Amino acid sequence: MTAQKEKTLIEMEALKLRLAVLERKIEHYGKLMEGKEDEWSHEYMQSLIRKGQENGK
């Protein structure tokens with residue numbers, strides 16, 4: 001059960017990161033649709049995605 005708990009915690013962290021990426025994308029595209037400018041860091045987003053992939057293993 002302890003191993004399963006650890007695996008679940010790792011999966012939860014990966015999901016939190018995935019959610020952060022989605023929230024940032026929603027914010028970004030929402031601003032664009034309103035005609036506002038938004039700073040977008042592709043490198044930052046990719047680092048979040050990679051971190052989530054590494055934590056999900």
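Lys31 has a relative accessible area of 26%, which makes this residue partly exposed (buried is under 20%, exposed over 50%, and partly exposed in between, with a 1.4 Å probe and protein chains only). This is a predicted model, so to speak of local features takes a pLDDT of at least 70, side-chain atom pairs count only at pLDDT 80 or more, and totals for chains, interfaces and linings use all residues. Residues are numbered from 1 along each chain as its sequence is written, and side-chain values use heavy atoms, with hydrogens and water left out.

Lys31 pairs up with Glu27 in a salt bridge, at 3.5 Å from N to O (a side-chain nitrogen of Lys or Arg within 4 Å of a carboxyl oxygen of Asp or Glu). The two residues sit four apart in helix 1, so about one helical turn separates them (helices are DSSP runs of H or I with at least four residues, numbered from the N terminus). Glu27, with a relative accessible area of 40%, is partly exposed.

Lys31 also has a salt bridge to Asp38, again with an N to O distance of 3.5 Å. Asp38 in turn meets the side chain of Arg24 in a salt bridge of 3.0 Å, N to O. Arg24 belongs to helix 1 (residues 2-33) while Asp38 is in the loop between helix 1 and helix 2 (42-55), so this pair ties together parts that lie 14 residues apart in sequence. Arg24 counts as buried, at 18% relative accessibility.

Put together, Arg24, Glu27, Lys31 and Asp38 form a linked network of salt bridges. The count by this rule comes to five salt bridges.
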